[in-house]
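Subject: Structure for your files

Hello,

Here is the structure we spoke about. My notes on what was found in it follow below the entry.

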Amino acid sequence: MRFSAIHKLTSYLMLLSAVVALLLSPEMSTVTVVLTLSGIFLSWFAEPSRIRLERFTPLWNITTVGVFLYLITDVFRGGSVITSGACFLLFVLINKLFNRRTSKDYQQAYVIGFLILVVSTTLNTNVSYAICFALFILFATWAMALLHLRREMEENYLLRHSDGAQSEKVEVERILNSRRIVGRSFLVGTSMVSVGIIVIATLIFTFFPRIGFGLFLGHRRGGVSMVGFSERVELGHHGVIRDNPQVVMRVVFPGGRPRGHLRWRGSAFDHYEDGTWSHGQDLIGRTRALQDVDRLYVVNHAPGMPIHPSPEYLRRNLVRQEIYLEPLDSTIVFGADRPVALEVQPLTVGGRLFFVPRRGPLGEIRATKMRTSGVRYAVYSRLTTPAAAVLRSSRTIQDPRWSRFLQLPARYPARVGQLARRITAGQTSLYDRVVAIQTYLRQNYRYTLRLTHDPGLDPVDEFLFVTRRGHCEYFASAMTIILRHLGIHARNVNGFAGGEWNDLGQYMAVRQGDAHAWVEVLFDNIGWVTVDPTPAGQATAATGAAWYRRAAGQLWDTLRLRWFRYVVEYDLGKQVSLLQGIRGVLSMSSPRTGWLQRHLRLVLAVCVGLLGLAALAYWRRRRRRQTPPQGIAVTRESHQATQLYRRMLRLLARRGYAKPAGDTPLEFLDRLARNGCDPGCVLLVDRLTRWYYQLRYAMDHEPLQTQLGEFRAMVGELQRSITAPRHGATS
Amino acid sequence: MAGKRRRLQFTREGKYFVALTLGIGFAAINTGNNLLYLVLGMMLAFIIGSGVLSDVSLWSLEVRRHGPDRIFAGRPFLMGIDLTNTKRQFPSFSIEVEDQLTGQSLDKKCYFLKVPSGRTQHTSYRHTFERRGLYRFSGFRVSTKFPFALFRKSTTEPSPGEVVVFPAIHPLLPPAGYCAETGERADGRLDRRGEFYALRDYMDGDDPRDIHWRKSARLGHLVIRQHEAQLGRRIAIFFDNHHLDSSPTPQELTREERAVSQAASLAAHYVRVGYVVRLVTRTASVGPGVGQSHLTEILRTLALLEFTTEERPYAAPARWGGECIFVSPGGSTAFNPARAA
């Protein structure tokens, strides 16, 4: 490939990797993306040799001013300064690419591309940035090295001058079109360099001291928009997010993946009116501070637990989940089932916590403010359900303090109450009535996400008597309403159910599409117990994707998690942990080095063996590559010169002038002259012999194709002109 | 060249790059944006990589110079530079070689875009020594800005050498004197026999046995050897290298140099026309001889000739059977050898 073509291609690849990093930002509009990519694509064809670029300079100037004014106006109208600045950079880059002529223009384009990459760090924090970043390093290594060579050629290259002539600059175009300057080996070699650069960059990134969060800006990510966890939830929104694959949290189970279907409790609601669940007026904003004991915050009481459980008891008897929660536009903190205790990590070593948990009035856990970065915390939950016999022994609660959980809308359709009594006719215990309602709903109503709603009807009433189908919100709401009609204390709970197990990362990924609603029923001897009326198998989002798509999705999610945890949200705490880990490995005191300590001799033997094999392979390779002292590497070009000379010999042999094997080319030439060959032919052979010597032995570089072409032409001339007698073979 | 001390200089682009790196570092610390730390790592890695690759480019390079057989003052000449890359694996890119005279660069850079491993590349630079004399080369400064032109890394390769710059030779007529009075014509004839004289291009009719094949292969066209005949004409050039003044003025120095140049021109002329030529000065002499090699010896003597303030007799007896020419800063004349005794 020609040098100029390789340089152009690598430059464009480098710039594209920076541009794509920016365009993948959610801040970039579709119009910007389309215009940018189109502009870059068209600029590829704008070569100075094809188009007189000077003619368009006034147009570019006017367009630049226009774009600048437009973006300034956009900023004054409330647009983001950074986004507008990024758009202007994109325009300037396209302008430069359309008007590139010399190496200086390429250099300026590289600077703009680099600035785009820097701006992208604030607009695109996804794992796609990592991919673009790695590609940028690879292509930049190529492009910058080639740019340097190009600049040197433009500045330095001189004709090989003769004694009398003045030195002159060679026409650079000829060299730029050369295919001999760089080739595959150059690109492969510089690729190795870029791997080294990536490694060094990673090391610098890892060990460059962090001083905690920045003075002016912290780690900021847009929060995942959550439906169903605000102060008010309107029935029907669940269907909107059912297919949303956005991961909300990732859960690791240090004690092993638990069996059964998990529910992740979010928020609960006690008040229902006109199709909307909300908190009672007296509960809004009422959260209670929690006291930590040995970094544990006890949030709720689980059946069978001591009143004041010790941290050791909690850690020993409950299921621990380590949760990495994405930044949300809600202050809710999730945990499995009904979380009993919470353990929050410090943000930095000796610094403040990720968040300070508070307990909501209905048992939910909240942070004091919304987060702009992911948080890590651990939750302890009891995942077992009390036995039916225990539940059956429970009685209806009469305490008026729980009356909020019997609230019903005023003037509610009577048929709901009638249905409730009909379903539970013959059931005496609280538990049996709950089970009867649950079974009735599961068996007589269909799950669907496609709903229509008559504004004149209450959604739950419509679900129970008109449509007879709906999603989990309707099932849960209907059950809660029915239970309240029977005087059973119940509340509606929103959260997530299930999740997708990621084999690669060994964690459970819970997505927006796993959002779910269920019911909590109050048993006087147990407390709040989870009841789910939604038909089984409908609780979680459908996972009918093919296995390879699932595997790709898991890989992508794992990468994303690692990216956010170890790059975007890398901090001093992680650095210290890393250094402590390294110190532990080096001093063999870390638990991870136990295996190493036990098998040290084996490991050493394997290492020595591998080194020995490597040394042997290297030695054998060196021996094989030693060329004989008199050997001259025959390349393709010099081989062509030999072939042309042999062709000349064949022509002469056909005319009766065969070269004896013992004659050198010069001796053969002498013989031709002495044996009466046509003088013109001798002269031609003389020239050809001199050319052969020059191409074969006298040059310190490979013969150029032009020189071989001239040689070939002379052989052709000989073929046309030779007229020797047919007898008299030389001897 | 491995193991030699390297010198590192920032290029203009390198200064901007380092300034930008510092700016990115400051922004990263200020904002706490980890992706900026990543960009900072990348820039620092590029700086490190640049240093390593430029080192690899400068490894195992050998430089040799080869100049023409004769260098004349005031006349440009080509000094050939051969750069050999003795590495087994890696080519060297973008190498600049600067010749150095007694530790100072000549400001003549030879540029090598690419030197493959195990290969030698040739180039040359044009230079003019304004004055005759002995010049000592100390070595080469070999530098590269490869791969990213952020820094120029250079090393000094000792390669001592000397060149003797001959006095300038001008075409001239020999002074009116003995030769003109006798009416004899100095006639240079060339012959196949005799000492090698020069190479010239082959013309139709030349004996192919005189073709210098090796040189022809190198030059790309046929050249033949020329020889000169021994003619028996003899001339002695007496050169007066005596300072009249112990502190000569610049004009006097110029006159002296012009005289040296005249003596050299005379010697060249007479050698070319086949004379047996000898050179006699107050401090040195060159015995009689013919041919180009003898001329070289004469020119070398004149190149290194120093003027003396001592009143010394000529280094060789004036009695001599051939013609004589006396050259001094004041002028030159031919004279009768009998009168010179």
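**Backbone exceptions**

P147(B) sits in the loop between β8 (133–144) and β9 (151–166) of chain B (helices, H or I with at least four residues, and strands, E with at least two, are DSSP runs numbered from the N terminus). The peptide bond joining F146(B) to P147(B) is cis, with omega about 5 degrees. In chain A, R468(A) has a positive phi, near 60 degrees, and is not a glycine. R468(A) belongs to the loop between α14 (459–467) and β17 (469–470) of chain A. For reference, most residues other than glycine have a negative phi, and most peptide bonds are trans.

This is a predicted model, in which local features need pLDDT of at least 70 and side-chain atom pairs count only at pLDDT 80 or more, while totals for chains, interfaces and linings use all residues. Residues are numbered from 1 along each chain as its sequence is written, chains are lettered from A and ligands numbered from 1 in the order in which they are written, and side-chain values use heavy atoms, with hydrogens and water left out.

**Interface of chains A and B**

The contact (heavy atoms within 4.5 Å) takes 66 residues from chain A and 50 residues from chain B. About 5,100 Å² is buried between the two chains, 65% of it on carbon and sulfur atoms; buried area here is the accessible area (1.4 Å probe) that two parts lose on being put together, summed over both.

Two salt bridges cross the interface (a side-chain nitrogen of Lys or Arg within 4 Å of a carboxyl oxygen of Asp or Glu). One of the salt bridges pairs R151(A) with E13(B), with the closest N and O atoms 2.7 Å apart. On the side of chain A that touches chain B, at least two residues each come from α5 (103–123), α6 (127–156), α8 (184–207), α16 (547–568), α19 (600–625), α21 (665–674) and α22 (679–698) of chain A. Of these, α6(A) gives the most, 14 residues.

**Eight-stranded sheet in chain A**

An open, antiparallel sheet of eight strands has the order β7-β8-β12-β15-β9-β2-β20-β19 (chain A), where two strands pair if DSSP finds at least two bridges between them. At the edges stand β7 (292–293) and β19 (500–502) of chain A; each has a single partner strand, so one side of each is left without a neighbour in the sheet. Within the sheet, β9 (319–325) and β15 (375–381) of chain A are joined by seven bridges, with Q321(A) partnered by V379(A) in β15(A).

Helix α16(A) packs on this sheet, touching β2 (247–252), β9, β15, β19 and β20 (507–511) of chain A, and its direction makes about 70 degrees with that of β19(A). Axes are lines fitted to C-alpha atoms, for helices over the stretch in contact, and angles run from 0 to 180 degrees between N-to-C directions.

Over all chains there are 28 salt bridges. Among them is R250(A) with E326(A), at 2.7 Å from N to O. R250(A) is in strand β2 of chain A and E326(A) in the loop between β9 and β10 (332–333) of chain A, so the pair ties together parts 76 residues apart in sequence.

**Five-stranded sheet in chain A**

Another open sheet, with antiparallel pairing, has five strands in the order β11-β3-β18-β21-β22 (chain A). Two bridges join β3 (263–269) of chain A to β11(A), and R265(A) stands opposite G335(A) in β11(A).

Regards
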